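This briefing is for a reader who is meeting the structure for the first time. It begins with the contact between the chains and then takes up further topics in turn.

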Amino acid sequence: MDQGEVLLKLEGISKYYGSFKANDQISLEILPGEIHALLGENGAGKSTLVKMLYGSLQPDEGRIIWEGHEAHVPNPAAARELGVGMVFQHFSLFDALTVAENIALALPPGKSLKQVAKELEEVSTSYGLPLKATARIHDLSVGERQRVEIVRCLLQHPKLIIMDEPTSVLTPQEAEDLFKVLRRLSEEGKAILYISHKLAEVQALCQEATILRHGKVVGECVPADETPISLAKMMVGSDIHEISPRDVPVANGEVLLQVKSLSLEGLSGFDTALKDVSLMLHAGEISGIAGIAGNGQNELFDAVSGERLSENDSVLIKGKPVGQLGIQKRRKLGAMYISEERLGHAAVPEFSLSENVILTRHGLEKSLDKGPFVSRGAARKVKDEIVDKFDVRKGSADPTAMSLSGGNLQKFVLGREVMGNAEIIVVNQPTWGVDAGSAAHIRQTLVDLAAKGAAILVISQDLDELFEVADAIATLSEGRLSAFVPTRSTDRHKIGLQMTSGTHEHA
Amino acid sequence: MTYLSPLIGLTLALIAGAIMFAVLGKPPLGALYAYFIEPVSEMWSVHELLIKAAPLILMGAGLCVCYQSNNWNIGAEGQMIMGGMAGSILPVLFPHFSGPFVLPLMLVMGVLGGMAYAAIPALLKTKFRTNEILTSLMLVYIAQLFLDWTVRGPWRNPEGMNFPETRRFDEFARIGEMIPADGRANYGFVIAIVVALLIWVLMAKTMKGFQVKVIGASPRAAKFAGFDAKKMVFFAFLLAGATAGLAGIVEVAGATGQLRPTISPGYGFTAIIVAFLGRLNPIGAIIAGLVLALTFLGGEAAQISLGVSDKVARVFQGLILFFVLACDTLILYRIRLVGSKVLQKGAA
């Protein structure tokens, strides 16, 4: 390989936290125009490595060589100046600002907002990532927020783009569109460092892969030459756990949750209105709702959970109309909810885990409430139970929610909700931004709960996930829900078409 | 760092104060001594300190709850005045209705008065989404003028030689002095400490306190937990109003013994500083209340011994708030100067 054309070379990069080696002698090379995968389980050291490339952490040892010269990256601004752009897994956008304002903030000063808005709309349409410059971030879906991140990154004209789990919120078609964008960028000579757990897409997209485990490089390969199983083995170091299906598919048990011709106006002009949505959840079944971000998933979740009230008989729990009951009263009836956003919705970021137990278990877990007082001791006990049972890995005894990795926090949230007698579970994007091991754990938990007789509604944009766990699938498109069809009698292609075209297949 | 910030802030305020005195032509160290040390070197003035600290602690502790739940009540001063007036109804209008039961009734009515007045901005916020900062502040001026009018008009003492003040309260309508031999401090200070401790228990140990913190930290998560943000607006305002009303009647029935056209030198505003200096923690508010009471006391002392205006007290209070907030900001954020083009962008 000609040394002169290497874009980025890492030599023996190490990062220590006390005696813990987050990164241990990592070396890799990226050529211009190469799409390079960085594979590894949660905690393997991917984020640490990427943060050092992007300047938010400093390596303790080793050298970063950029276009043949040793580079120091003291901060993200320096990284951007070099030509390193990053699309984050957890979006770093200001909710209250518009798309254009958010992007202007990241660009070097000197351009007017109008110029930025014009450029961003040009770039976004030319790459097929439609965006409205004047929309406010809090009105955008997760998928749309990602577009903002990508466009923001592209406007900085980077030579290397780091993408952290970019497809975790996209439909297969959307992902395919993103891949087109990425391939085009690659043809234009931009290198891409692609972090993902989805082995199939790494195989389809990436020319090179570096695999990390426990902070070390454990393998380098050409993904196309490998199988998903062999990649997973390298990543996990053992055979990956496959979901074991339930023995007896239950045919139409008792109806536990019903939504009857639910229509809801959007709260603002950017929300999707729900139009005449009806569904039934049966005991022992997992129903999946597929759809692209921003087609009414969050609105449906809010209405079913009781965060937004609706007509009293438009939502029924075990036959009882609950449209006018708040979320905690619905929990008392046995319905549990797991929201899409973990931090700031399902959990208070700066609160400890035990305090986050109180957040949704108050009034349900008898030991927590002592008259007007809260028993912190009991909360810690519940927290310990959840941590043990759901394998939540954490740094200290009772850390803050925001210090946990995505996968571990999601396991904690899931555990918290299903600890008691969860008869109905509604979960929105259960494994978004969660590592492969945790995702398998979470899906297995859902399948096991259904086997015990729970009725489960999984709203997800990950079709692989839905086909893995759901008994029946419907699609949500522009606020309309299609009829449920048994998973066995449909396929990814049909569902994918329904998601994008919005046509209804009335079977 | 959270607890260090008020200390750094206080130190910086003292340094800035020293510079101010130097510019005024006073010896800086001597002036600071006269301002902050001398007033507490004698027993009677320690008593004065406790009298001034009581309303500050009461209202500071109440505002901690308000601010932790993201309800920005700036009107404690007005709620204090209304509490003082409501609590004075019995001794002013029914002077012959007297006995040991009067004082407890007065305290209760004071609390209710403060709550009723605080309910106005809460109602406006929940019904019409008005900004509570503006409404609660404007209500202060209404309360001040209403008190002034009442004391000069309908409630003026018929035997008072036309002075603008009400009847003097009788024995049963006064809060007793703790150690009359040493100074004037009354049991109002004890009430303040007890209330602050109760509010601490509320915040640290109860479900309600947990709700307050969740709603303040993450409104979306609070919704997910089924906590009602509108009810919280009322809870926070009514609690702060109750402490302010109590502070009002404690001041009137304790220190002054009658209503006058003004009953507070701005305690309700200073209590905002108390809440922040005390880290929005009711126990912190006890300490901060004593510190800020000292700035009032020092201001009075400085008038006499240094011959400077008592406005110096306000300057010190302003400096303390300014530096504490600045420390909070600078500890959490790094300031970087960037080119003027950014400003143009903002203007575009």
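The contact takes 28 residues from chain A and 20 residues from chain B. On the side of chain A that touches chain B, at least two residues each come from helix H4 (113-126), helix H10 (327-332), helix H11 (353-361) and strand E18 (373-374) of chain A. H11(A) gives the most to that side, with three residues. The model is predicted.

**Domains of chain A**

- Chain A is assigned two domains: domain 1 (3-236) and domain 2 (255-501).
- The centres of domain 1 of chain A and domain 2 of chain A, taken over C-alpha atoms, are 30 Å apart.

**Helix H6 of chain B**

- Helix H6 of chain B covers residues 132-152, which is 21 residues. From its first C-alpha to its last it reaches 30 Å, close to the 30 Å expected at 1.5 Å a residue.
- Buried residues of H6(B) are Glu132(B), Ser136(B), Leu139(B), Val140(B), Ala143(B), Leu147(B) and Val151(B).
- The partners they pack against are helix H4 (76-93), helix H5 (102-128) and helix H11 (267-277) of chain B.
- Tyr141(B), Leu145(B) and Trp149(B) are exposed, and they sit on the face of H6(B) turned away from its buried side.

**Helices H1 and H2 of chain B**

- Two packed helices are described by the angle between their axes and the distance between the axes.
- For helix H1 (residues 4-23) and helix H2 (residues 28-37) of chain B, the axes come within 8 Å and cross at roughly 115 degrees.
- The crossing of H1(B) and H2(B) is right-handed.
- From H1(B), the residues Leu14(B), Gly17(B), Ala18(B), Phe21(B) and Ala22(B) take part, and they meet Pro28(B), Ala31(B) and Leu32(B) in H2(B).

**Positive phi in loops of chain B**

- Most residues other than glycine have a negative phi.
- Asn70(B) is not a glycine, yet has a positive phi of about 65 degrees. Asn70(B) lies in the loop between helix H3 (43-68) and H4 of chain B, and is partly exposed, with 16 other C-beta atoms within 10 Å.
- Met161(B) is not a glycine either, and has a positive phi of about 55 degrees. The loop that holds Met161(B) runs between H6 and helix H7 (188-205) of chain B. Met161(B) is exposed, with 6 other C-beta atoms within 10 Å.

Methods: Residues are numbered from 1 along each chain as its sequence is written. Chains are lettered from A and ligands numbered from 1 in the order in which they are written. This is a predicted model: local features need pLDDT of at least 70, side-chain atom pairs count only at pLDDT 80 or more; totals for chains, interfaces and linings use all residues. Domain bounds come from an automatic or database domain assignment. Helices (H or I, at least four residues) and strands (E, at least two) are DSSP runs, numbered from the N terminus. The expected span of a helix is 1.5 Å times one less than its number of residues. A residue is buried if 20 or more other C-beta atoms lie within 10 Å of its own, exposed if 12 or fewer, and partly exposed in between; C-beta atoms are placed from the backbone. Two residues are in contact if their C-beta atoms, placed from the backbone, lie within 7 Å. Axes are lines fitted to C-alpha atoms, for helices over the stretch in contact, and angles run from 0 to 180 degrees between N-to-C directions. A crossing is left-handed if the near helix is turned anticlockwise from the far one by less than a right angle, and right-handed if clockwise.
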